[in-house]
Amino acid sequence: MKRIAVLTSGGDAPGMNAAIRAVVRTGLDYGCTIFGVHDGYRGLIDDDMQELGARDVGGIIQQGGTMLGSARCPQFKTEEGRRQALANLGKRGIDGLIVIGGNGSQTGAYELNKLGLPVVGVASTIDNDLAGSDITIGVDTALNIALEAIDRLKVTASSHRRAFAVEVMGRDSGYLALMAGIAGGAEAVVIPEAEIAPERLETILNEAYDRGKKHGLIVVAEGAKNNGEKLKEYFHAHKDRIGFELRVTILGHVQRGGTPGAFDRLLATRLAAKATRTLCEGQSGVLIGWLKGVATPTPYPEIVGKHKPLDMDLFQLADVLAQ
Ligand code: ADP
Ligand code: F6P
């Protein structure tokens with residue numbers, strides 16, 4: 001393996017830059033030439049890439065986002081798009097690819113791998129829903145950002161005896177909401193994996209006030225049916241009967257744009273270095289994820305199309321701790 005391309009794809013995650021840096025410097029150490037592809041699969045299809053040296057990735061480890069850019073690229077879901085990408089790589093003599101991204105991105109990587117290109121993935125998404133990795137790049141930083149917001153909201157909620165709901169990201173997964181709920185001391189957690197009706201939340205909040213709590217805090221996942229907007233509508237529509245309103249804060253992309261913490265910088269560095277070594281040593285068709293404290297390859301067929309289940313014992317624990 002002499003010429004390697006690296007791209008970041010899907011939702012960006014704090015730590016992606018640390019991963020790019022590790023790919024470039026580990027690859028150079030193996031005597032490879034490294035190309036950085038702009039905007040994920042869009043750059044592969046449009047042949048938009050640049051050679052990266054050690055200095056090009058200096059000063060980025062502490063920056064959120066991705067210096068290469070990221071994108072959702074519907075064209076790559078077509079065989080024609082992927083053939084175009086392969087042709088562009090072939091023209092440049094690139095014989096291996098590293099894909100830093102989440103579920104969709106790794107599905108795309110596997111499709112390319114099936115067409116004969118050696119590809120290795122790096123598990124990166126703030127949603128932490130990728131099979132083959134206990135934790136993914138960006139989760140820890142996103143969680144800390146959510147917690148900072150929750151801690152602040154609890155202060156004002158207590159002063160005014162108000163109820164608050166904080167909506168955190170998670171398109172299909174309640175991981176961020178559940179962990180933020182436990183670590184932030186929420187009265188209830190609403191996630192796609194275990195929906196709670198607004199009527200039940202009303203009871204939970206009332207009971208919390210009856211037990212002497214000064215605040216009522218709900219953490220809700222963006223992907224829940226009863227998301228922040230729905231809860232706001234319900235509590236507003238019934239405010240006279242309920243006796244209080246629910247203030248809703250939607251954190252949205254604020255969570256994704258943070259400065260990567262130590263955990264994510266180190267996780268990204270270790271996963272990406274392992275991915276580069278794996279590719280350079282001739283293995284491919286695998287996702288490098290963090291399993292039991294070790295950067296570990298898992299073959300794509302074992303992870304693609306799978307959704308990592310949430311530990312529902314923790315959902316029960318959140319309830320116990322909310323008393
Ligand atoms: P994430 O990787 O963060 O889950 P997406 O699901 O949006 O983000 O996927 C990112 C990109 O990966 C998509 O825009 C598309 O280019 C590519 N991709 C997703 N699913 C597939 C698929 N089934 N086949 C080929 N490419 C895909
Ligand atoms: O997959 C990561 C994620 O942040 C999800 O939690 C969220 O639903 C989605 O990306 C948002 O995507 P976009 O940035 O394209 O709006």
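## Two domains

In this predicted model, the centres of domain 1 and domain 2 sit 35 Å apart, going by C-alpha atoms. Domain 1 is built from two stretches, 3-138 and 260-302, while domain 2 covers 141-257.

## Where they meet

On the domain 1 side, 13 residues make contact with 9 residues of domain 2. Together the two domains bury about 1,000 Å², with carbon and sulfur atoms supplying 46% of that area.

As for polar links, 6 residue pairs are in polar contact between the domains. The interface also has 1 salt bridge. Asp12 turns up again in a salt bridge with Arg256, where the closest N and O atoms are 2.8 Å apart.

## The sheet

Now for the strands: an open, mixed sheet of 7 runs in the order E3-E2-E1-E4-E5-E10-E11. E3 (49-52) and E11 (294-299) are the edge strands; each has a single partner, so one side of each goes without a neighbour in the sheet. On average, neighbouring strands are turned by 25° against each other, ignoring direction.

Strands E1 (residues 3-8) and E4 (residues 96-101) run parallel and are joined by 5 bridges.

Helix H4 (residues 103-114) lies across E4, E5 (119-123) and E10 (286-291), running at about 165° to E4.

Conventions: Residues numbered from 1 in each chain as written. Chains lettered and ligands numbered in written order. Predicted model: local features only at pLDDT ≥ 70, side-chain atom pairs only at ≥ 80, totals over all residues. Heavy atoms only, no water. Pairing = 2+ DSSP bridges. Helix = DSSP H or I, 4+ residues; strand = E, 2+ residues; numbered from the N terminus. Axes fitted to C-alpha atoms, helices over the stretch in contact; angles between N-to-C directions. Contact = heavy atoms within 4.5 Å. Domains from an automatic or database assignment. Buried area = accessible area lost by both parts, 1.4 Å probe. Salt bridge = Lys/Arg side-chain N within 4 Å of Asp/Glu carboxyl O. Polar contact = N/O pair within 3.5 Å; in protein donor to acceptor, adjacent residues only side chain to side chain.
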